[in-house]
Amino acid sequence: SCSCNWPFKGEDCSQGECPAGYFLTVNDTSRLYECTKCASGTYKESPGNGRCSQCRPGTYSDEPGQTSCKTCPAGQGQEDSGSAKCFECKVGERAVNGRCTPLTCSNTEWKLHDQCLS
């Protein structure tokens, strides 16, 4: 009688699951299930009607509908969960695995222009 929203089917439109990168929502007007892209800063790895997860600190997703988060690029980092972007590390910091950490040199090195030299 009425048509289901992709990818759902069946008499009450309850059969089907959202693909990776999408989560299940109910349309306020039609009361039918539909799939909505995960927001920037979140991701959903596999198909199913579960929720999107926040990107971990050191990672980001800058577009909706992502199936994974990217690690911050070299020289950049971020400390928050659910981030859509990374930031340049401050002077005196270096990026390690997408997180900015204070630059500390060993006893046999010295610091010059935010680099440790031996």
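**Figure 1. Strand content of the predicted model.** The chain holds 12 strands and zero helices in this predicted model. Followed along the sequence, the elements read β-β-β-β-β-β-β-β-β-β-β-β.

**Figure 2. Overall dimensions of the chain.** The C-alpha trace spans about 75 × 20 × 15 Å along its principal axes. The radius of gyration is 21 Å, whereas a compact globule of 118 residues would have a value near 13 Å. Of the contacts between residues at least 6 apart in sequence, 31% join residues at least 24 apart.

**Figure 3. Surface and charge.** The chain exposes about 7800 Å², of which carbon and sulfur atoms supply 47%. Buried residues account for 26% of the 118 residues. There are 12 positive and 14 negative side chains, and the centres of these two sets are 2 Å apart.

Figure 4. Ser-83 counts as buried because its relative accessibility is 10%, under the 20% cut-off. Beyond its neighbours within four places in sequence, Ser-83 is in contact with Gly-41, Cys-55, Thr-59, Tyr-60, Ser-61 and Gln-78. The side chain of Ser-83 also reaches the backbone oxygen of Lys-85, at 2.7 Å.

Figure 5. In space, Asn-27 and Cys-4 are 11 Å apart, C-alpha to C-alpha, and in sequence they are 23 residues apart.

**Figure 6. Polar contacts of the Asn-27 side chain.** The side chain of Asn-27 reaches the backbone nitrogen of Thr-29 at 2.7 Å. A polar contact of 3.2 Å links the side chain of Asn-27 to the side chain of Glu-34. Glu-34 and Leu-32 are the residues in contact with Asn-27 once its neighbours within four places in sequence are set aside.

Terms used. Residues are numbered from 1 along each chain as its sequence is written. This is a predicted model: local features need pLDDT of at least 70, side-chain atom pairs count only at pLDDT 80 or more; totals for chains, interfaces and linings use all residues. Side-chain values use heavy atoms; hydrogens and water are left out. Helices (H or I, at least four residues) and strands (E, at least two) are DSSP runs, numbered from the N terminus. The radius of gyration is taken over C-alpha atoms; the globule rule is 2.2 Å times the number of residues to the power 0.38. Buried means under 20% relative accessible area, exposed over 50%, partly exposed in between (1.4 Å probe, protein chains only). Contact means heavy atoms within 4.5 Å. Accessible areas come from the Shrake-Rupley method with a 1.4 Å probe; for residues, only the protein chains shown count as cover. Lys and Arg count as positive and Asp and Glu as negative; His and the chain ends are not counted. The place of a charge is taken as NZ of Lys, CZ of Arg, CG of Asp or CD of Glu. A polar contact is a pair of N or O atoms within 3.5 Å; within protein, one must be able to donate a hydrogen and the other to accept it, and residues adjacent in sequence count only if both atoms are side-chain atoms.
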